[in-house]
Amino acid sequence: MEWANQLCENRQFGSKMTDSKYFTTTKKGEIFELKAELNSDKKEKKKEAVKKVIASMTVGKDVSALFPDVVNCMQTDNLELKKLVYLYLMNYAKSQPDMAIMAVNTFVKDCEDANPLIRALAVRTMGCIRVDKITEYLCEPLRKCLKDEDPYVRKTAAVCVAKLHDINAQLVEDQGFLDTLKDLISDSNPMVVANAVAALSEIAESHPNSNLLDLNPQSINKLLTALNECTEWGQIFILDCLANYTPRDDRESQSICERVTPRLSHANSAVVLSAVKVLMKFMEMLPKDLDYYSTLLKKLAPPLVTLLSAEPELQYVALRNINLIVQKRPEILKHEMKVFFVKYNDPIYVKLEKLDIMIRLASQANIAQVLAELKEYATEVDVDFVRKAVRAIGRCAIKVEQSAERCVSTLLDLIQTKVNYVVQEAIVVIKDIFRKYPNKYESVIATLCENLDSLDEPEARAAMIWIVGEYAERIDNADELLESFLEGFHDESTQVQLQLLTAIVKLFLKKPTETQELVQQVLSLATQDSDNPDLRDRGYIYWRLLSTDPVAAKEVVLAEKPLISEETDLIEPTLLEELICHIGTLASVYHKPPSAFVEGSRGVMHKRLPARTGSGESTESPDVGTAAGGSAPEAAPSIIPSQGDLLGDLLNLDMAPPTTSGPPPPTTGMQMGGMDLLGGGLDSLMGDESEPPHVPPRMDTPRSPSPQPPSPVYTHTDYTYTDYSHTDSPPDHSPTEHSPPAELGGDIGGSPAMGAGFGAAPAVMPASLNAPVGGGLGDLFDLGGVGMPMGAYIPPKIVWLPAMKAKGLEISGTFARRAGVIQMELILTNKAMSVMTDFAIQFNRNSFGLAPAGPLQVLTPLGPNQTIEVSLPLSTVGPVMKMDPLNNLQVAVKNNIDVFYFSCQYPISMLFVEDGKMERQVFLATWKDIPNDNESQFQIKDCHLNSDAASSKLQGSNIFTIAKRTVEGQDMLYMSIKLSNGIWVLAELRVQAGNSNYTISLKCRAPEVSQCVFQCYEAVLKN
Amino acid sequence: MIGGLFIYNHKGEVLISRVYRDDIGRNAVDAFRVNVIHARQQVRSPVTNIARTSFFHVKRSNIWLAAVTKQNVNAAMVFEFLYKMCDVMTAYFGKISEENIKNNFVLIYELLDEILDFGYPQNSETGALKTFITQTGIKSQSKEEQSQITSQVTGQIGWRREGIKYRRNELFLDVLESVNLLMSPQGQVLSAHVSGRVVMKSYLSGMPECKFGMNDKIVIDKQGKGGEGATGQSIAIDDCTFHQCVRLSKFDAERSISFIPPDGECELMRYRTTKDIILPFRVIPLVREVGRTKLEVKVVIKSNFKPSLLAQKIEVRIPTPLNTSGVQVICMKGKAKYKASENAIVWKIKRMAGMKESQISAEIELLPTNDKKKWARPPISMNFEVPFAPSGLKVRYLKVFEPKLNYSDHDVIKWVRYIGRSGIYETRC
């Protein structure tokens, strides 16, 4: 309002009489004044008053009190005044629904007006008045307008159907508007067609399974015809809709492509991008040996390049999309490197995106130019940009071997500039170059060592320490250098501490004589003076290794490292395919699937590229669809859609702050290192019983069998695989923030539930127990004979979290009760391209207080296409909150990539405790005591067990038969169940010989559980 | 689709707010102000996601236009729409400024109601809009006029109304090119391209069918030797885009450009070329650091076109370090000045003929600093205007054909003009 006042002053200086004067009404009592003016007889005065009201509304003032007076002005011939009143109505109708009805009559009348502009205005505005009551009055006028003779009215009415659907979907369906809308696709006017397509697409999005947009060759043909004639916006609607169609074969695909390609020359970038989307998608179906296929590829490049001469905001959108396109089909733009060179005046967001694409396009052919450019960029002003440029040089070195030498010398030049952040960034990338090309560029180490003091960022310090440790034998004063870091050991970040520990151990193994003291010092710092479990555990393992078998230690610690890969931060293929289907949209800008940022049902539908048909070529990724479609049975897992609401509830999982854009953070090598260490090191430890005296007691507890690392690739890797990828993701790799004990060996067997489970197990496990934990447990129980009369019912595993929704992590599982311990049995499958680590799990509060009794034991990093079975013991002492359904459980699983949410339902039978057998007398008394209202009856159909078999089967699930009576050929079984939270459920099961239908009556003080208990009966008896 | 549209002044006060969807609340207005307008640092992205709401913004002078959505909208479309909206507003009331927006807020609401329905962009051609959004109240239309308006707004030729009459049929073609260059200090062309536009101003009666021809390599090669194509060189066009009046399918099939133009001015086509570009000027820089407190700069510019032609409005901008304390300049031609506020020496020459050269030398005194960071040496940039098309594009013909009215192609008076301007024309030093 401040400026409104200023304007008021301006007016006194005789500024022209314009609309801005309406913003000046700020005095008190103005409402009354306005009221008087609105009711004035003079038309002009009325109009002025309404303008003032709208101005106040814009600034956020509440002028709803004037509702009746404004609505009174609606009956007018003056179109401008009418529009103003409508504008007011749209804003306030919702707060005054009863008053809004007053306006209905005028709308209905206006819809019959002779002037098509007024008819359209009325139907357009009516749709914007989002009051339920008004909708029924809207139907008739809308029906008429949909069939109006004037195309302007029809195109407005088409959009109105979408508006109405948003308020009351059922009404739209009942009134048959959807069919009318479908008919409009065949309208003679292209704009009507376009709006109908837009409306239908939107409605279809909220009904994923409806066949609303029944796209078939005929309707596609109509759309393609309209495409040539309608406005630029209409073309976008139609192209976006076309992109959802899957042609029947390559022929049809080609003919659509042929008709879409002319759009690539449209002046509107959005039309171009939407056309590119259709082409990229349909191209999948064309055989690669087809001439047309290569022609199409050639046609795509120029329009993409042209997008870069658009305004910067559009350039940004285009570049984010080009980034995807380059990953999917690198051949399209491989010769266009130069256009991605950064211009001095580009906005920073354009510069950073261009840089990303430059690296992707770098190849032997253009590397010289690219390097020259990157060197230029490294002297720019923007810190982020400079850092990214330096990293890019490192990535070029790794990607194009021939250029490595030039890259290294460029980096050395940059180090000479002594610009602090440039030096640090350069050291981080040089470390990666060492990894990629061992024994080649170590001559530069001396230069690096000169800059030791200027390093103040953890990542750079850690990199430098790694270099010193790795090449300790070539650096004369390696021990001095490392010792200098040791002084401030406790002030360092964990990343640096871990690295320092490893580096000194390496140094010791290489030069044992001079460095004994140093290694003692670091080991005691790590194990005795540190609170960090990661660090302690790594310290203990080194200590034990060194003190038991130095030769083995050498093999483990100084093992040859696997090479790092060339391409980094590629988007995983499933996601990439989905994003290609979303070219031009926000999803392609964020590089996230729509479900990650859109609420509700919209956009949750996953799109995917069509499979190639025609020639015998196989599809590029056969597993795309199965991941999404693979879930099924009755209790289909529901993905919890809105993460926002749950955040509060879902405990303190370490969440990354929601980032606006950018791919997921890279795998963190440090943590992986920790685990590899175990994988390789544990075996040798296990067999050995002579333990050093300093190992704390908990290390002496029996160990659970540790899963072997699945492939021999990961032996001992103590440094990063991939973390040279991103500069824009904050380097918060420090393992302490997560809950690491789960992964790192120290706590194995330490959690109480696990301890209980192993009560009967031998004190020392055989070292060669390779089976995954889940299976291992089962074996144990069989061996130990803890036993049960008959196995409790365990539902089959179902997919809870499909890979599509969790960046490649698929989780399926079930629940079981074994030896009195509730287990959640999970199968984790990594369908992504990168390694997953740092798994952790949390539950939301639930009806029975279920909570993990220990951490999620995933000991090795989960490599691509690897599967691991995990069993998670659960306790029932967690926080309680009633869920609907009662047995619903909301789960959050975290890994190094993100946090994922899903919900699943557990069989309530796993909560039935072993001491659930009630005394007969107590049973009788209780049965009488519980009011009859609490009794519920159910039928179990098609069950062919006799009463005894049923009884013993139920006993396996802790449903105890207390008494049995036979009355007139009918067996009556009386049973009791006790839930983990102390609730008793009493049951009467009637079994009639020769009748496969059982009747069951359940009585319980908490009748809500009856339904769930009944489901258990059914499940147990039928399995 | 677009859920709402807000216009703010530079302080973040709302000038216009129009919400189209229920999922956008009033707090969205504040979220953008707090997180983007009032944010201290530079804008790092034109798309911002705040609490699962996406904001698209563009800035015109000190006015912010923001489109808001909670859905997975077509991002390119949203930006195109924002640009279009700026065009429409400019066409209605001139420059987009706080004052103009306040003075026309009722008009803007009316426009927003028309060009965006439930978040879906509708016809936004100014020509069509101006026929019925006039701010004068339009009760007086006849029935015929009304249906003409609606058929124009929704019709196949939404950009032109019927019944236009001129006594003199005239058209003007401007070929406007901007030539972009990035050159290394050694004179190696790192990248160069021309982005051109063909702007047409037409004052033609009826519904004229037009056909435009230029020395496009593909067309000339197709026609083969002899015939019309003997005009000399042809040029290779990398890519071109057209105004929506051009029949794209016809261009795709025959590479002919045919259309019914909007009345008045329109941008008929945009194109881009990268091959055989005539670079009108060459800049040769020489920067020498003399000790820590002095820089010597010498820059030579050479004009590289026919001596009979004159380049105009030449300006060379030589960046100077931040710690410059004084500058002495000597130049042979034009005027040169050190502008401390812009950290640059600006050298202006009014006119310069082809195949000439001129030079400037400057001594820059520096204040001693202990700033370790080296001066980034931004490139030397140049501005100019030349009366030819650096891409080599030539208009070969523009034929006009109106079947219903009796004027022929010969009766139309046609004007063609070529202007080449500098785009980003930089030489590193």
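With which side chain does the side chain of A:Gln823 make a polar contact? The partner is the side chain of A:Ser871, at 2.8 Å. A polar contact is a pair of N or O atoms within 3.5 Å; within protein, one must be able to donate a hydrogen and the other to accept it, and residues adjacent in sequence count only if both atoms are side-chain atoms.

This is a predicted model: local features need pLDDT of at least 70, side-chain atom pairs count only at pLDDT 80 or more, and totals for chains, interfaces and linings use all residues. Residues are numbered from 1 along each chain as its sequence is written, chains are lettered from A and ligands numbered from 1 in the order in which they are written, and side-chain values use heavy atoms, with hydrogens and water left out.

- A:Gln823 lies in strand β3 (residues 821-830) of chain A. Strands (E, at least two residues) and helices (H or I, at least four) are DSSP runs, numbered from the N terminus.
- A:Gln823 has a relative accessible area of 5%, so it is buried. Buried means under 20% relative accessible area, exposed over 50%, and partly exposed in between (1.4 Å probe, protein chains only).
- B:Phe305 sits in the loop between β15 (294-303) and β16 (310-319) of chain B. B:Phe305 is buried, at 6% relative accessibility.
- Leaving aside neighbours within four places in sequence, B:Phe305 is in contact with several residues, among them B:Pro280, B:Met352 and B:Phe388. Contact means heavy atoms within 4.5 Å.
- B:Phe305 and B:Pro390 are 85 residues apart in sequence, and 9.6 Å apart in space, C-alpha to C-alpha.

**Aromatic pairs**

- The whole structure holds 32 aromatic pairs over all chains. Rings of Phe, Tyr and Trp (its six-membered ring) pair if their centres lie within 6.5 Å; planes under 30 degrees apart count as stacked, over 60 as edge-to-face and the rest as tilted.
- A:Phe848 and A:Tyr906 form an edge-to-face pair, 6.5 Å centre to centre, with 75° between the planes. This pair links distant parts of the chain, 58 residues apart.
- A:Phe848 is buried at 4% relative accessibility. A:Tyr906 is buried too, at 1%.
- B:Phe172 and B:Tyr203 also pair edge-to-face, 6.3 Å centre to centre, with 80° between the planes. B:Phe172 is in strand β8 (residues 170-183) of chain B and B:Tyr203 in strand β9 (residues 189-203), so the pair ties together parts 31 residues apart in sequence.
- B:Phe172 is partly exposed at 28%, and B:Tyr203 is partly exposed at 29%.
- Ring pairs join A:Trp800, A:Phe815, A:Phe848, A:Phe902 and A:Tyr906 into a cluster.

**Charges over rings**

- The charged end of A:Lys351 sits over the ring of A:Tyr344, 5.7 Å from its centre. The rule asks for NZ of Lys or CZ of Arg within 6 Å of the ring centre and within 35 degrees of the ring normal.
- The charged end of B:Arg21 sits over the ring of B:Phe118, 3.5 Å from its centre.

**Where chain A meets chain B**

- In chain A, 113 residues are in contact with 96 residues of chain B.
- About 9,100 Å² is buried between chain A and chain B, and carbon and sulfur atoms give 55% of it. Buried area is the accessible area (1.4 Å probe) that two parts lose on being put together, summed over both.
- The interface of chain A and chain B has 12 salt bridges. A salt bridge is a side-chain nitrogen of Lys or Arg within 4 Å of a carboxyl oxygen of Asp or Glu.
- A:Lys299 and B:Asp252 meet in a salt bridge through their side chains (3.9 Å, N to O).
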